[in-house]
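Colleague: Can we go through this model together? I would like plain answers, please.

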Amino acid sequence: MITAERKPMEELIECLRPYNRILLVGCNECVTVCSAGGRKEVGILSSALQMAFMKEGKTLEVKEMTLERQCDPEYVEELVIQIDQVEAVMSMACGCGVQEIARRFKTKPVFPAVNTEFMGASERPGVWVERCQGCGDCVLGLTGGICPIARCSKRLLNGPCGGSTNGKCEVDPDIECAWQLIWDRLKALGLEDRYEENIAAKDWRTGRGGGPRKIIREDLVK
Amino acid sequence: MKTESVLEKVFASGELAVTSECGPPRGAVPEKIIEKAKMLKGYVDAVNVTDNQTAMVRMSSFAACVFIKQLGMSPILQMVTRDRNRLAMQADILGAYSHGIDTMLCLSGDHPHFGDHPMAANVHDIDSVQFVQMIKDMRDKGKFQGGDDILNPPKMFIGAAANPFADPFELRVARLAKKINAGTDFIQTQCIYNLDKFEKWMEGVRDRGLHEKVNIMPGITPMKTVGMAKYMKNRVPGMDVPDEIIKRMAGVPKEKQPEEGIKISVEAIERLKAVEGVKGFHVMAIEWEQKVPEIVERAGLLPRPTIDL
Amino acid sequence: MQDQNTFKQNHTVLVIGGGVGGIRAAMDLAESNRDVVLIDKASSIGGLMTQLDRTFPTNNCDLCTLSPNLSESSRQLHIELLAMTQVAEVQGEAGDFKLKLITEPRYIDLDTCTACGDCFKNFPECVRFTPGLDHRAPTCMRYPQAIPHAFSIDIEKCKDIDALVKVCKADAIIPEDTQKVRDLEAGAIVLAPGAEVFDPGKLDSLGHAANPDVVTSLEYERILSASGPTQGELIRPSDGKQPQKIAWIQCVGSRSLHEGAASYCSSACCMFALKEAIVTKERFQDSIETAIFFMDMRTFGKDYELYLNRAKDDYGIRLVRSRPHSVFHDPETGSLSIIYTPHDSNTNVTEDFDMVVLSTGFKVSRDVQDLAVKLGIELNEHHFAKTDSFNPVATSKPGIYACGMFESPKDIPETMVQASAAAFCASKNIRMVSESSEAVEEFPPERDVSREPLKIGVFVCDCGLNIGGVINAQGLADYSGTLPDVKVSEMIGHGCSRDALARIQTVIAKENLNRVVIGGCSPRTHETKFQDTLRRAGLNKYLVEIANLRDQNTWVHFDQPDGASIKAQELIRMAVTSVALSRPLTDNIFPMNKDVLVVGGGVAGMNTALSMADMGFKVYLAERSSELGGVAKKIRKTLEGDDVQAYMTDLIERTTQHDRIEVITNAFIVDHTGMPGMFKTGIQIAPQMFYRQITHGVTILATGALPNQPKEYLLGEHEKVMTQLDMDAVIEDQPDKIKDVTNVVMIQCVGSRCPENPNCSRICCQSAIKNALRVLELNPAARVFILYRDMRTYGFQEDYYKTAREKGVIFVRYEADALPEVQADDAQLEVKFNDPILKRKVSVYADCLCLSTGFIADEESTEDLGRIFHIPKTNDNYFLEDHIKLRPVDLSVPGFFVAGTAHAPKTIRECIAQAQAAAGRAQALLAKDTLNLGAVVARVEKEKCAACLICVRACPFNIPFINADGYSQIDPAQCHGCGICAAECPAKAIQLMQYEDDQIMAKLTGLLERVN
Amino acid sequence: MSFQKRLTSGEFVVLAEMNTPKGVDISELVTNARRIKGRVDAVIVPDMDNGIMRMSALAGGVLMHQQGVESIIHVYCRDRNRMALQGDILAAHVLGIQNLVVVHSEEMAKGDHRDAKLVDDLDELDLLGAIQSLQNGVDMAGFDLSGSPSFTVGCTMAPSADNAAFEKELSLARKKIEAGVQFIITPPVYDLNRFSAALDAFKKLGVPIIPTVFLIKSVGIARYISTYEPGAHISEDLIKRIRKASDTEMECLRIAGETVAGLKEVAQGVHIITLGWEYRLPKILDYAGI
Amino acid sequence: MENFEPVIVAFCCHYCAYTAADMAGSKRLCYPPNVKIVRVPCSGKVDAIHIMKALEKGADGVYVAGCLEGDCHFKNGNIEASKRVAYIKKLLDEIGIDGERVEMISMSAGMGERFAQTAADMTEKIRKLGPNPAKSFSMDMASNNL
């Protein structure tokens, strides 16, 4: 899923300062699952914002709404009913959602409430870790199902650097050395030989190197 | 001979090669590097010039190499994959070679996390193995990495680093093999203090016959104080400093510790000379360059062979 | 003993006596689907307890704790209540008694009387009665929530019957009413006739007859009582002024040789004197001086010693160890002089008091003795029912059981235990009415309120002075009427009384209300009552909200009535805004697992197991040691001389041989889940430690306590030092050893009533007496010293104490701050102690030193089990019952009961009674074929669910799962209703029924957003 | 890597015990197996342990196999004669079971079929001999088999209260090793130091030693073991630790996990017994860092 | 601010704190009437939103009262609740409202005294902290008019 984390309150308060009525929009997909922007967080943030302004003697009217997905225009359309009653929108979705709202409602300022972080998995309840950088050309088949691009600090494709100690990355001992993981995994699978193959330099065009990406499924295009 | 590199010629001569290194200054004046390089003249075959070492901004390695070259010495251009993408790297290689710089050391580089620009994007367009491959292809196939032909291909003698100690240990030999496969001509290793473990590594290297495909130069770094020894042991990732070394350093009074450090280095060189596959030594005296000549001398590595430039 | 299974045609039990014991017995029987006829010779049930102001040790208002029980008993379909009724004749035998009952005329028709009180207002001379203080003839309602809720007339006293008849608007007065005779067939009889208090009039020296300011403790209760003659004002009868100095004189009519007085101890008087003194200081004025004159302070019940310490230390109640000779009245000052000799002196002291309260003991009334003759049951020398040590509630006649005061003098909790035990034993004689054939109360169909506009009714209870005495209940009701959507708002008297409930029901119907708010006491105790009322009125029971105006407002803010009034408004507002959002809910109902798990195989555990198994239930008896028996297996004789070993051998034999009992020894409870009727308990069985899960419907904890072995007085170090338990065995096994002794010294309260174990171990005084008497029997020349702090030979044990004194046992008191000292010089054992009379140290060379070490809770295992079962414990690690007064057998976790010394120290006899009581309580719970889990379960709104797994991970019981349709599903049968998932759900897709977010939010709105 | 392979290559093996159901509802067993799949090397399936009639170990082992979890099944002499034993052992091989543990048969007295007849046609050493013989292609009657099975065979060692008993167990173990035993499961370890002290004696046996870690679930059980099994060495500190814990259950799991982790340093493997709390195995492994 | 009477919302677990509150009642232990109880089946039911909304609507303090550690009727609801309370405290600090206004309290059903004491302590504490700074101006007016 796409993970996100709420921005510092100060930043949120600052960007809403010019407004009196806003719409706070959650998203029932990834950000709900990573507890950053679902209905519950919308409720909490709404209260927090109102209190923060009340404290300054100002009333901020917050309308709460949570869409099924903010990255689909049909769902975003649901905001139409509310949008005229507010001066600005704050979205708790990932960057996709924020942009979708901005695209649909050209005259309303939209602010992100969260920092969109990465594509990750939940390691355990309450802990999410980066697993994929969306490079567009998956190497996991070569690396035992562990991504060196997302999980090695240096994105090394041919093995660990000289700094890995006890299976941990030199950058931060809390980070597992991706190559240690890859190697352990290859060994467990009896695929040690895979390591010996030199992986050629990557074609980053499939990643961000080729500019903003787009997927077109001809058969589905309407 | 693949190249004009002095280092290649020393290896070819069958003599043990000696290299050392110079860090470019953190400023726009060349005096410092010239002064440092001069100290080494006559004692080493080539001088590594680091590239934003420890992820701290310094004068570019290329520029510093030019100054050393002007002193009539042989520089080794270090380049890391961290700061440049493959375009910039190839461009710089062409430029360096055009200035007569014909030896390179390919590294991935320290992570920006450790340096003075932790906020910098780390490029890592390609990794060090791919880097070696790229230079080899430029040299031998005359092709840019993208596949186009090079009009006058640079003939670089290609070096790479190896750390015999980092984890997973069993991967260290295989990792070396990959670098050799990619086209590495010589290897400079991480500082060696744990001689037993290094020898074990070399055993692995010999088992696969890699010592015949590449010239391995163990890194030697004298320690000034017991504090430095402890720092290396505990704080430098991938460094293996056995407790005996610490004990030995701690066992002498503070003022005698530098001498003890040098002694340890000299003894190491003497012991490793005998190891099959060791083709030279990379003597790095960090912020203590003046001691390199003494070590080289006491280790019996003098005189250096004269190579025609 | 009695034949257990004489099943005959009849399935009715006659319960004689409508006091707390009788009510408890009747309710237990009714709950376990037996028909009950409950008779009382008074005009309403309730007995002595209804006359008390508050009860110890909680100092609760008794009416409040009792009245739900009373009206509950009248609700019970199996119970037929006959007031003013007595037994005239009895024939037949167990299973088939034929009785003649005589009901005296009430002159009021119960069905039409509305208890309006007009008769009482106009003709007080023939309707007024205030028990205790009013010496006039009986009539009428004894207290405001009386059941039956109707007046009665004393026709003799009435001068103008026509006028009386006319004053009744309901036409309920029937002057021609006559005595009615009725035949009844019953399978068993439970006797709970209670006791009467000793009449101190006979003791001239105390001046009760002559002086109005000398009152009995019961009269004093009436003075304190809000429903009493003084409306709860503490004033002395002679001049109506508040007394400033009050004395209590203990043992009036008990432990006494006076004419008409009893030789036994009345057991409860010490505690109620302490209670009255505390309440006096607490409720009226802390400066009122209180002194209690006593011989031994007998606070031997559970946690009673702590109560005593609080009385002394926190309230400064003066305790004077002396039995006063006489009370004189000084006509000039109006004060009362008590002349007494302090226990440690020989000179008389005279002290003046404003009021004197006589702690009068209990005795069996003449009427009850006559009843016993009619029933053909034997009485003991004190005219109490004669029962057996090992069958404590069975009388000499099969099918007839006695409980409460009639069995022996006792306090309320023990009465409750015995009542449940007697009910259980009685139920063995009769068949259970099967649930399907019985007429379940038919509720009208629920009205669909979903499309109706909100019509909220608010009913504010004044709860007597409890609420109305602090805030203006009428004012609050007026205020409530101004709240949005409130259609009706009324003040009702005692909201939980029958007529109040009827009133609510009527108003709901009349006004077509669809939501109800009750402002009253805690929903914890009274919610179901009001829910039933809604059902009767055709509303779903979850459309009511209770504002806790009493327990959490007027009781705790009586010191600031203004604050309490504002808060009351807020609480009502919260309830109104919240109830507006309540929705009809359906209870989750499941089949009942009727198997029983009994933990602990001692005397209590085995008796419980056998009782349940005999009733046809499958019982698992888990014992952690390798054999059954527990502590009782080490005891040889009881104080009364019964052979404990023979009893235990038989008990173990019967238990192990029983078809329906599976004994699991070496069993350790390791996990537990579920709810009453569907428990699942994991047991690990040593030595192989294999694991087994048992499913069962109820759990009875009979895990016992440990014989205390404190490291004091060389116990375990010197061969001549032993515990009373050891001594018991020595006497039995090595009588020759006893024959040689010269001096036997016993020290009481070793390891009890001390800082480490502050409570009294209850059993030690009687075991010391028991062993002392047996020593003297074997060796009349021996000198036996008992060093004690208070001799607590309660009830009939007192007789043995008396015998011991007569036989020359030397009793020497010591104070807690001057403990006896023991020194050993090789074989010589020297005991030194203060002689309070001689006022010097005395030294005795003991051939044997017996320490009365009593019990100590098995801390480690109660802790273990308490944690696994979530059962709270007392500070000294006994299991804490649900209500120390009225529910001494039930634990606070539904479906759990406690028996034996796991509850508190007790004798074998008391353990057996509690075991039978636990069986009875368990039987009542298992009588139902289905299990209602209520409606509090988590429900997922699948449209909102993001299938994020957070609920799956958060649930402590692993209930939610993501189903094939990709959303979270929660099985209502398994959901425990904690709501953790609902709180964690990031999509707010889960709601906990009855506690939905919008309802909670509405409460906050009601509280915080002012209504304009 | 298979259990056998790990054992021979000297790698640390993690075993867990899972009882078959008393009945045919295998859902819990299967769920539990899936929970630890990939985290333990093999599951030991006891056969009517402690005289409690249950689904047979053979079926349980096969079920594990179907879930992709390697199994080790118990065999012993109490309930079957040499015919049945040999037949079952052949069947086990055919059905994919690769490992056997020959265990001492518990008496019936504590079981649920106390009136059952004890067979005891063979003793443990006989049975070990029979297994060897079957693997060599010959049955106990001397007839040649058409195709012979192969197994990794282990045995258990009983707890010993004192040194003499321990010596006796050791000599018994030596005999079993002679009879073909390739690994030994030793009694529960509650005190790592005590275990380490006995390590030398174990090492001399020359086969891998797999000590047991028994999950204590309550203070009551800890107290019982410390009182009645003097050889077990449950310390007062351990009992205190459980008592003082705010969450007893988690503390017990943590203790088991720590013991597993401790044994990782000194033993060749570990055998975790959770008796009814198999669903807690993942947590123990978490605490053990496995 | 002299006459400031704080409004405090106490979310009380049915099994412990709510029962303890009733116990305080039957023992007649006085505490300030500022504390208003909302009954919940378990402290683990108390959502962060409930706490936030209570403050937003003008409560000066909020506390969640659950069972003693290890005694939760539902195993760990109280632990979950205390984590949530800690989270809210941080959030409040972040918006400049003293996190001290929110507390997690634990007690058993028998602790009537502790309930009363806690209520008194909490009231005292909030009184010292002063009114909830986030109470809107208009609301202040309204309460002054009362």
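Colleague: What do I need to know before we start?

Modeller: This is a predicted model, where local features need pLDDT of at least 70, side-chain atom pairs count only at pLDDT 80 or more, and totals for chains, interfaces and linings use all residues. Residues are numbered from 1 along each chain as its sequence is written, chains are lettered from A and ligands numbered from 1 in the order in which they are written, and side-chain values use heavy atoms, with hydrogens and water left out.

Colleague: How many helices and strands are there in chain C?

Modeller: Chain C has 27 helices and 50 strands. These are DSSP runs numbered from the N terminus, with helices being H or I of at least four residues and strands being E of at least two.

Colleague: And how much of chain C is buried?

Modeller: Of its 1012 residues, 64% count as buried. Buried means under 20% relative accessible area, exposed means over 50%, and partly exposed is in between (1.4 Å probe, protein chains only).

Colleague: What share of its contacts join residues at least 24 apart?

Modeller: Among contacts in chain C between residues at least 6 apart in sequence, that share is 71%. A contact here means heavy atoms within 4.5 Å.

Colleague: Now the contact between chain C and chain A. Which residues does it take, in numbers?

Modeller: Chain C gives 13 residues and chain A gives ten residues.

Colleague: What area do they bury?

Modeller: Together they bury about 890 Å², with 56% of it on carbon and sulfur atoms. Buried area is the accessible area (1.4 Å probe) that two parts lose on being put together, summed over both.

Colleague: How many salt bridges are there between chain C and chain A?

Modeller: The count is zero; a salt bridge would need a side-chain nitrogen of Lys or Arg within 4 Å of a carboxyl oxygen of Asp or Glu.

Colleague: Which elements of chain C give two or more residues to that side?

Modeller: They are helix 25 (950–954) and helix 26 (980–984) of chain C. By class, the side of chain C that touches chain A has eight nonpolar, no polar and five charged residues. Ala, Val, Leu, Ile, Met, Phe, Trp, Tyr, Cys and Pro count as nonpolar, Asp, Glu, Lys and Arg as charged, and the others, Gly among them, as polar.

Colleague: Different topic. Where is C:C521?

Modeller: C:C521 sits in the loop between strand 23 (515–520) and helix 14 (523–536) of chain C.

Colleague: Why does C:C521 count as buried?

Modeller: Because its relative accessibility is 9%. Leaving aside neighbours within four places in sequence, C:C521 is in contact with residues including C:H526, C:I546 and C:D551. From C:C521 to C:N553 is 32 residues in sequence and 9.2 Å in space, C-alpha to C-alpha.

Colleague: Which peptide bonds are worth a look?

Modeller: The bond from B:D167 to B:P168 is cis, with omega near -10°, and B:P168 is in the loop between strand 5 (157–162) and helix 6 (171–182) of chain B. The bond from C:A686 to C:P687 is also cis, with omega near -5°. C:P687 lies in the loop between strand 30 (678–685) and strand 31 (690–696) of chain C.

Colleague: What is phi of C:D303 near?

Modeller: Near 65°, a positive value in a residue other than glycine. C:D303 is partly exposed, at 24% relative accessible area.
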